[in-house]
Amino acid sequence: MTPLALIMIIFAYLLGSISSAVLICRVLRLPDPRGVGSNNPGATNVLRIGGKKAAIAVLLCDMLKGTIPVWGGYFLNIEPIMLGIVAIAACLGHMYPIFFHFKGGKGVATALGAIAPIGIDLSAMIIATWIGVAFLFRYSSLAAILTVLLAPFYTWMVKPQYTLPVAMLCCLIIFRHHQNIKRLFEGTEPKVGAKKSG
């Protein structure tokens, strides 16, 4: 690992540790997303408690946390496997933020933002898959799980050299959704648009 790659990994984690959901909810004087709804500081929970505009703002900011360090590493000619670790560092920051007591979100938007620099076509397939599953089944978590399961295959079709880093990133996302998977099997997972009091 080169010093430059190490710097980008640390930068990615610190950037990922900035909780967009918590900060945007504070600015908009909404409840802390870590204490209401699903207790997850992510766009889906902010949609439940603050509406579409707040959720879109969180989604875009969370995506940028993945895009900025990966794109930066790409232009600095960091090798693909190291770019994968940079992406994982950004997601780990989002999931376990050092600035917010290590209580973060699921990392889906940050992962999408990290994958986006690979190509518009790959991003389009990933987004289309998420929207399609969410529209059909109304479960954000199910859409995320199925999308990340397919993401390595999509990557292999578009740019095979990034398949392993993307697969590593997707394994992390699946692990972070273990509680959602359990609730899906139990039939207790909240659907998109459902209001849930905390």
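Student: Which residues lie nearest the centre of the largest cavity?
Tutor: Val70, Leu83, Ala114, Ile118 and Tyr162 do, out of 14 residues that line the largest cavity. A cavity here is a set of points on a 1 Å grid over the protein atoms alone where a 1.4 Å probe fits but cannot get out, and lining residues have an atom within 4 Å of a point. This is a predicted model, in which local features need pLDDT of at least 70 and side-chain atom pairs count only at pLDDT 80 or more, while totals for chains, interfaces and linings use all residues. Residues are numbered from 1 along each chain as its sequence is written, and side-chain values use heavy atoms, with hydrogens and water left out.

Student: How much space lies in the largest cavity?
Tutor: About 140 Å³, where a volume is the space filled by probe spheres set on the grid points, which are joined across faces, edges and corners.

Student: And which helix supplies the largest share of its lining?
Tutor: That is α5, with four residues; α4 (52-75), α5 (80-95), α6 (108-115) and α9 (163-176) each supply at least two. Helices are DSSP runs of H or I, at least four residues long, numbered from the N terminus.

Student: Switching to packing, which residues have the most contacts inside the largest nonpolar core?
Tutor: They are Cys91, Ile115, Ile126 and Leu169, in a core of 33 residues. Such a core is a set of buried Ala, Val, Leu, Ile, Met, Phe, Trp, Tyr and Cys residues joined through side-chain atoms within 4.5 Å, buried meaning under 20% relative accessible area, exposed over 50% and partly exposed in between (1.4 Å probe, protein chains only). Helix α5 gives the most to this core, with nine residues.

Student: What is Cys91 in contact with, leaving aside its neighbours within four places in sequence?
Tutor: Its partners are Gly107, Thr110, Ala111, Leu169, Leu172 and Ile173, with contact meaning heavy atoms within 4.5 Å.

Student: Is Cys170 buried or exposed?
Tutor: Cys170 is buried, with a relative accessible area of 5%, whereas Cys61 is partly exposed at 33%.

How values were computed
1 Å grid on protein atoms, 1.4 Å probe; cavity = no way out; pocket = protein on both sides within 12 Å on 5 of 7 lines; lining within 4 Å.
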